[in-house]
Structures are given as structure tokens and as C-alpha cells.
Amino acid sequence: MHKVEIPAISPLLPVIHKPISGFKQYHDGRPRGPLWRGKKLIGKEALFVILGLKRFKDDEDKLKKFIKTHVLRLLKMDLITVLSELEGQEETSLAVKVFEVIQKQDWYKPDIFLYKDLIIALAKCRKMDEAMKLWESIKKEYMFPDSQTYTEIITGFLRDGSPSDAMNVYEDMIKSPDPPEELPFRILLKGLLPHPLLRNKVKKYFEELFPEKHAYDPPEEIFGRC
């Protein structure tokens, strides 16, 4: 019988979010075991599913059939591996579909880290509507984003020219039970330079929260009086 050579499977590369210049990279405290990145090879089933999802992503009918016949059969570890790899490849629409499959599994429990990675991936790809749908789902499951997630969402809205949406996220952040961190404020203060009234509101609370820190104000002739 003719033997078919099986190509070597490359290891799963970690999804790395580059730190914003001038600030240290986040450590989100998640376990560094095999469930998460860099510790597990992509299995044949997971690799087959990743390639199949990408192949049928532009054909909704074939994609639904493929999800039903192949994605739903994956074990827990393979599903999470597929989700992480799609996020790393910026295949965020496919990642959302895989996440929806995960949520329907008997073993699934609300996991802020799964939400966080997908929201950040969507924000980086400028899919803010989809990111905010997941944001609202977090609230319904009585969880709270961390400072990095707030930072990425605020950055995404400011990048898209939506300061009012960024301010809505800011309002959520200051109501969170976790103490706000400095970085999201710095991002917001910089992004709101063309909007002095909104910036003054954030600056006032920032200075109350971090009295030892300084909020830079540019010359008035550049952005007007802040």
C-alpha cells in the first residue's frame, strides 16, 4: 500500500500583544500551564479545523456545515487551541464563531481570559462593534475586564475617531470594583487632546486618583486651552 507522508506540525506560536511604548508589558496572572500559550503543540484535528475554517470563511453555508461536522467534535483543549491560533492570525470573525461553539459546551464556565483575548484581538483589527458585543456579554456574566482590556478598547475607539464611545468605556472603568490603573488614563488623556472639555473631566479624576503623577498639557496654540 502506498504510504502518504504526513507533514510535520509546527508548534503553536504564542499570541503576543506588544506593550505600548514607555510602559511595561502586562502580566494578567493567568496560569502558564498547557491550557495556555506556548506549552502545547497543535494537534492534527485542531490544525485540520483551522485550515478548514479559513478555507470556507467566505462561504457561509459551507462554513456552517464544517462547524457542525468538525468543530463541534473537537475536545476542550483542541477548541481552545483553535481559538487562540485564529486570534493570533487575526482571523477574528472565525474566532468569534469558535468562541460561540465553546460557550455551548457542557464543560464551559464563564472565563474572563477567553473574553479578554478575543476582545483585544477584535479591537486590534478595528472591529469595535463585535468587541462591544462581547463587552456586554461580560457584564451579563457578572465579570469585569482588567486594565489591559480597558486600555485596548479605549485605544480602539480613539483610533476610530469615536471619543464619546471611549468615554463610555472610561465611565465603566471607574465604576469597576478593581482600582483603575494609570495606563488607560494616559491613553485617554492623549487621545482627548482635541476635545478639551472631555479631557478636563478625565484629567481632574486622574489627578485625584494619582496625586503624585503629572498630566502633560500641550501648548495652547496647538490644541487650545486644556
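A: Contact here means heavy atoms within 4.5 Å. This is a predicted model, where local features need pLDDT of at least 70, side-chain atom pairs count only at pLDDT 80 or more, and totals for chains, interfaces and linings use all residues. Residues are numbered from 1 along each chain as its sequence is written, and side-chain values use heavy atoms, leaving out hydrogens and water.

Start at Tyr108. Tyr108 sits in the loop between α4 and α5 (helices are DSSP runs of H or I, at least four residues, and strands are runs of E, at least two, numbered from the N terminus). Its relative accessibility is 13%, so Tyr108 counts as buried (buried is under 20% relative accessible area, exposed over 50%, partly exposed in between, with a 1.4 Å probe and protein chains only). Which residues does Tyr108 contact, leaving aside its neighbours within four places in sequence? They are Phe99, Ile102, Gln103, Leu114, Tyr115 and Glu141. Lys76 is 32 residues away along the chain, yet the C-alpha atoms of Tyr108 and Lys76 are separated by 8.9 Å.

Now step back along the chain to α4. Helix α4 spans residues 92-103, and its axis comes within 12 Å of the axis of helix α2, residues 60-69. The two axes cross at roughly 35° (axes are lines fitted to C-alpha atoms, and angles run from 0 to 180 degrees between N-to-C directions). From α2, the residues that take part are Glu60, Leu63 and Ile67. From α4, they meet Leu94, Lys97 and Val101. The residues of this contact divide into 4 nonpolar, no polar and 2 charged.

Next, follow the chain past α5. Arg126 lies in the loop between α5 (112-124) and α6 (128-140). Arg126 is not a glycine, but its phi is positive, about 65°. At 47% relative accessibility, Arg126 counts as partly exposed. Tyr142 lies in the loop between α6 and α7. Tyr142 is not a glycine either, and its phi is positive at about 60°. Is Tyr142 buried or exposed? Tyr142 is exposed, with a relative accessible area of 73%. Tyr108, at 13%, is buried.

Helix α7 covers residues 147-159 and holds Thr149. Thr149 has a relative accessible area of 2%, so this residue is buried. The side chains of Thr149 and Asp146 make a polar contact at 2.6 Å (a donor and an acceptor, N or O, within 3.5 Å). Not counting residues up to four places away in sequence, Thr149 touches Lys116, Ile119 and Trp135.

Finish with the aromatic rings. The whole structure has 10 aromatic pairs (ring centres within 6.5 Å; planes under 30 degrees apart are stacked, over 60 edge-to-face, the rest tilted). One of them joins Phe185 and Phe206, with centres 5.8 Å apart and planes at 45°, so this pair is tilted. Phe185 belongs to helix α9 (residues 182-191) and Phe206 to helix α10 (residues 196-209), so the pair ties together parts that are 21 residues apart in sequence. Phe185 is buried, at 0% relative accessibility. Phe206 is also buried, at 0%. Both belong to a cluster that ring pairs build from Tyr170, Phe185, Tyr205, Phe206 and Phe210.

Key:
Nonpolar A, V, L, I, M, F, W, Y, C, P; charged D, E, K, R; others polar. Phe/Tyr/Trp six-rings, centres within 6.5 Å; stacked < 30°, edge-to-face > 60°.
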